[in-house]
Amino acid sequence: MFEFFRKIKPVKIRSCNENRKYGVAAKDVKELLKKGCKILQDYQTVLDHLHPGEDTLKLKTLPLSGAHVCLYSDGTKVTEEFFATLPDHTELVLLSREQTWAGVVCDIGQLLSTDRHASGLVEAAKGLLSDEKSPKNRKILTDLLLNLEDRSELEGRDEDEDWFKGIDARFKTKSAYMKFNCESRIRGYMKEVDAATKAVQTAKVRAEFLKTSKCLAEMLKTARYNGCYFDRTEKEPNRLCTLEGWFTCQGSFDLKVCQSLHSINPYGSRESRIVFSTWNLDHRIEKKRTIIPALLEALQNHKSADVNLSYFYRLLFTRENLKLVHIVCHKKGAHNLLCDTKKIFKQARNTGKGTQKAKGKKRRLT
């Protein structure tokens, strides 16, 4: 008799693999399950009728036996007692016996794992963005659109003209430009080495430093300025990105990995390409504070032929000492790392000449 007077509760239901919601009014979970299973079955019938022969989203007919409902927000199972306490219009997920739901995180997982409805998501996000007033939510939607509208699969200028805006016409592919971009950064390091010549007071030392600089430049030219680091068409050991063009921050100089898990694909859009220019190829052992001064010190009492140029080359221009880091992970303070004195010269010397003494609390990287 009490069930007759039980209040009818309006709720919203959906399946676990489709975000369309349906309003259902029921006095208890049993009635809700019966009505919900029928609604989802009827909707699938309509889809099949409207798109015969097409691979439409299959909602799977939910048998009443074993069916259950849970909260969309956190996956809590809804019992008869719990149902009576729910506010009107609570969003619920209808599941078959074998299905589970962990909450809203499941929707995020589906969004990340499928491209099936990418175009629909783009339009929906644009619609939300046009009406959104909150700066925080606008930022979230803008970032979502940036990734949904990814065009990294395109390579040529004729395929993605927007990506090449502001880039010299001689570059016909994204990979060619990205390779040039990396070469330019590495060339800049060589210019800093050359500029150090001005600080040399002694003519003899200056002459040796010029020889050293010339040799380093030849080594760099032979390696094609290591432009392969940014070129996604290069073989895996040589590039810093995936085949699709994704780069991952390697963390600050004193960490093994990036704790914030920064990543970016400059091949995806013009905006991402521009933002990538703020990422740094950071020297773990610092170029200006440590490497170049150590090289100058080594040449004070030794000829360039005695210096282990291969070691200095690797420190200045290669991944042995370079880390690709997001601007947030780029620590500009002193790194307090020294060159390995055992590697500065081609042969070990017992005289101690040309070696650099550690000052303060600096620690040596070997």
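Student: Is A195 buried, partly exposed or exposed, and what is its relative accessible area?

Tutor: The model before us is predicted. In this model A195 has a relative accessible area of 41%, so it counts as partly exposed. The residue belongs to helix 6. From A195 to S213 the C-alpha to C-alpha distance is 10.0 Å, and the two are 18 residues apart in sequence.

Student: How many helices and strands does the protein chain have?

Tutor: The protein chain has 10 helices and 10 strands. Of its 366 residues, 40% count as buried. Among contacts with a separation of 6 or more, 63% are made by residues 24 or more positions apart.

Student: What describes two packed helices?

Tutor: One gives the angle between the two axes and the distance between them. Consider helix 6 (residues 174–195) and helix 9 (residues 287–298): their axes come within 11 Å and cross at roughly 60°. Helix 6 and helix 9 are therefore oblique to each other. Their crossing is right-handed.

Student: Which residues of helix 6 and helix 9 meet?

Tutor: From helix 6 come Y189, E192 and V193, and they meet K287, K288 and I292 of helix 9. Sorted by class, this contact has 3 nonpolar and 3 charged residues, with no polar ones.

Student: What describes a pair of aromatic rings?

Tutor: Such a pair is described by the distance of the ring centres and the angle of the ring planes. This structure holds 12 aromatic pairs. In one of them, W163 and Y177 have ring centres 6.0 Å apart and planes at 85°; the pair is therefore edge-to-face, since an angle over 60 degrees counts as such.

Student: Where do W163 and Y177 lie?

Tutor: W163 is in the loop between helix 5 (135–148) and helix 6, whereas Y177 is in helix 6, so the pair ties together parts that are 14 residues apart in sequence. Both W163 and Y177 are buried.

Student: What kind of aromatic pair do F230 and F276 form?

Tutor: F230 and F276 form an edge-to-face pair, with 5.1 Å from centre to centre and 70° between the planes. F230 lies in the loop between helix 7 (203–222) and strand 5 (247–248), and F276 in helix 8 (residues 270–276), so this pair ties together parts that are 46 residues apart in sequence.

Student: Why do F230 and F276 count as buried?

Tutor: A residue counts as buried under 20% relative accessible area. F230 has 0% relative accessibility and therefore counts as buried. F276 is buried as well, because its relative accessible area is 1%.

Student: Which residues form one aromatic cluster with W163?

Tutor: The cluster consists of W163, F164, F171, Y177 and F180. Two of these, W163 and Y177, form the edge-to-face pair discussed above.

Student: Let us turn to the backbone. What is the phi of H89?

Tutor: The phi of H89 is positive, at about 70°, although H89 is not a glycine. H89 is found in the loop between helix 2 (80–85) and strand 4 (91–95).

Student: Where is N226 placed, and is N226 buried or exposed?

Tutor: N226 is placed in the loop between helix 7 and strand 5. N226 is buried, because its relative accessible area is 8%. Its phi is near 50°, a positive value in a residue other than glycine. F230 lies in the loop between helix 7 and strand 5 too.

Technical notes
Residues numbered from 1 in each chain as written. Predicted model: local features only at pLDDT ≥ 70, side-chain atom pairs only at ≥ 80, totals over all residues. Heavy atoms only, no water. Axes fitted to C-alpha atoms, helices over the stretch in contact; angles between N-to-C directions. Helix = DSSP H or I, 4+ residues; strand = E, 2+ residues; numbered from the N terminus. Parallel < 35°, antiparallel > 145°, perpendicular 65-115°, else oblique. Left-handed = near helix turned anticlockwise from the far one by under 90°. Contact = heavy atoms within 4.5 Å. Nonpolar A, V, L, I, M, F, W, Y, C, P; charged D, E, K, R; others polar. Phe/Tyr/Trp six-rings, centres within 6.5 Å; stacked < 30°, edge-to-face > 60°. Buried < 20%, exposed > 50% of the residue type's maximum accessible area, 1.4 Å probe, protein only.
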